[in-house]
Amino acid sequence: MDDDLIIGGEKFSSRLIMGTGGAPSLEVLDQALVASGTELTTVAMRRLDPSSRGSVLDVLRARGIKVLPNTAGCFTAGEAVLTARLAREALETDWVKLEVISDERTLLPDPIETFDAAERLVADGFVVLPYIGDDPALARRLEQAGCAAVMPLGAPIGSGLGIRNPHNIELIVEAAGVPVILDAGIGTASDAALAMELGCDAVLLATAVTRAQRPDLMAEAMRLAVRAGRAARQAGRIPRRRYAEASSPMHP
Amino acid sequence: MSYPAVPVLSADVPAVSAPSSDVPAVPAAPCDVLVIGGGLVGLAAAWRAARRGLRTAVVDPAPASTAAASHAAAGMLAPVSEVTYTEEPLLRLGLASLERWPAFAAELSADSGHDLDYRTDGTLEVAFGSDDLAALDELAGFMGRLGLPVERLTGRECRRLEPMLAPAVRGGLLAPGDAWVDPRRVTRALLAALERRGVTMVPARAAGLERSGETVVGVRLAPAGGSPDGRPPSPGEPPGEPSGELSGEPPHGGVILAERVILAAGAWSGAARWLPPEVVPPVRPVKGQIMRLRSPEPILRHCVRGSVHGSYVYLVPRGDGELVLGATQEELGFDTRVTAGGLWELLRDARELVPGVTELELADVVAGLRPGTPDNLPLIGPTVLPGLSLATGHHRGGVLLTPLTTALLMDEAGDHEELAALCSPLRFQEQR
């Protein structure tokens, strides 16, 4: 059965989007990407020269993985728009994961700068995937502004705290007409499965894999978890009951 | 290892180029060992070869220049405190090389008459906040499973060892066997030792391999002043120097014949387009910014490494009061600009760990290029071309791994087949 993820008109059979930050070496990153089965991977454009050889971009190209440039490290809409334009020029892609953070300690996204940048980038023809807090109202506004997906966090970047407000993620999913990608906060496989069970269309993660003691094994765990969570969502979970219900009826 | 026999050369290959004003002086007779690259690894390889009585030459337009990675390096010899998950092979190399450092340092000091500021007081790895402490505890468990000799310390125990540490330091790990050295002193000592040992320094750029069949029998030099292939500037090439155009004719700056050629061109090794494609190593430049501060007296006694909200910084004290803060890791090609943001991150984190650093004099800021490989392990040993060996790809560990590198090259490493296999350039051959 085809169950493709469609973002901005492009199809992906994997619903696991990877980040590249934090891997000890390019080889370890490469092995993890292969194990994850990802087809779309985000790369921070700051501190990266797209024209230099042997970089992380070469790893992605060699594996046929689509590059999703991101604006990590930007604090203002102005910086983010500039970074996105540089990325478009260097990588010849209109896609951008928009990330405008409010402070270095929490790395939480700044909603006002993010919205401002999203509006400008959409007007400029970008396929915009904004990283946001788990705020249903903001998610709706960004969709209305023309974003191709919304990417609410489960918890702060790199924290591994899992999904702190599953209820809000459900509210975002219910209202969304564009793909919802759970971004940030995933610590282990059950977090990724939960995101998919809540109805997210995809999961984006990096640190949980790249800083694991065995990144390739954790990447495989994430691949399986995303598939398991997706299947469980489609299968439909049973209602929660206070009391037992015999699985084999005693009175046919 | 036995060196390949010198093949008989055809008459049209001169052993010495015709005298000309723009042609560097080349050795009159074939060398036993010819090293391309006058950075720390290349100079050390030449020194070890010369010590064995081999006729040795080094080709570099500006040996020991400020562009060499070692000029920016802090010189930590800290395989234990720097170990990370997935990198046990690198740990094995580091430990084997650390073991060789005392003899290497003693012999180099004796040969050169220079003091290297080689110190063996250990690394203190500290954690700033509770998240950093949790990561440190997990790392301590990993080190314990690897059987590494580390001592877990409380915050107060850390501050007893290093009173300048901030009270916010929550705890630490002491790796008592780690050491450090001043790489700039090592470089100067190597230059002095090479001069004493009569090693020929050829101030030129390599422009091609001289081959007899498959076997490499020497190196062709570029005419002085030209950049034969438009590659990025090599160590010592001053920025802004106009690079010469290749006018269609092959470079003819002279030829040096050698029984064995060792490529030790650091971050530039992967950009050596004059090499046959099958031996161009998978090396990329990884930029690191570093700063040197100065105080009348050293303010630290150990190397201090720490993580501050997940971001790593190290402080390396020298005997003369210099304190090195490092280092960024940036994938920016051959960019060596020092940036405000890079220095700010170093100072921000270093000041959290040692608040007193901002009182020190700022002596020097520099960005260097580490030669990175896909698996973070170096490329040391023979290539598919007989007569050509590599000694490059040392990434963050060039200073630490220098004694092991030269031992592997000179076959002095004893029974170290496993280590040699880890470093073998042939491991990437099948992926081509």
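Trainee: How do you know that β12(B) and strand β16 (residues 361–372) of chain B pair?

Mentor: β12(B) and β16(B) share eleven bridges in the antiparallel sense; strands pair if DSSP finds at least two bridges between them, so these two qualify. Within this pairing, Leu293(B) has Leu362(B) of β16(B) as its bridge partner. The model is predicted: local features need pLDDT of at least 70 and side-chain atom pairs pLDDT 80 or more, while totals for chains, interfaces and linings use all residues. Residues are numbered from 1 along each chain as its sequence is written, and chains are lettered from A and ligands numbered from 1 in the order written.

Trainee: With which other strand does β12(B) pair, and over how many bridges?

Mentor: On strand β15 (residues 322–326) of chain B, five bridges join it to β12(B), again antiparallel. Here Arg294(B) is partnered by Glu322(B). Strands are DSSP runs of E of at least two residues, and helices are runs of H or I of at least four, both numbered from the N terminus.

Trainee: Why is β12(B) called largely enclosed?

Mentor: Ten of the eleven residues of β12(B), residues 284–294, are buried, so the rest of the structure largely encloses this strand. Across the 432 residues of chain B, 52% are buried.

Trainee: What makes β5 and β16 of chain B edge strands?

Mentor: Each of β5 (151–154) and β16 of chain B pairs on one side only. They belong to an open sheet of eight strands with mixed pairing, in the order β5-β6-β4-β13-β14-β15-β12-β16 (chain B). β5(B) pairs with strand β6 (residues 171–175) of chain B over four antiparallel bridges, and Thr154(B) stands opposite Gly171(B) there.

Trainee: Why is α7(A) described as roughly parallel to α9(A)?

Mentor: The axes of helix α7 (residues 189–197) and helix α9 (residues 215–235) of chain A come within 7 Å and cross at roughly 30°. Angles under 35 degrees count as roughly parallel (over 145 roughly antiparallel, 65 to 115 roughly perpendicular, the rest oblique), and therefore α7(A) is roughly parallel to α9(A). The axes are lines fitted to C-alpha atoms, for helices over the stretch in contact, with angles from 0 to 180 degrees between N-to-C directions. Residues are in contact if their C-beta atoms, placed from the backbone, lie within 7 Å. The contact includes Ala192(A) of α7(A) and Ala225(A) of α9(A).

Notes
A residue is buried if 20 or more other C-beta atoms lie within 10 Å of its own, exposed if 12 or fewer, and partly exposed in between; C-beta atoms are placed from the backbone. Two residues are in contact if their C-beta atoms, placed from the backbone, lie within 7 Å.
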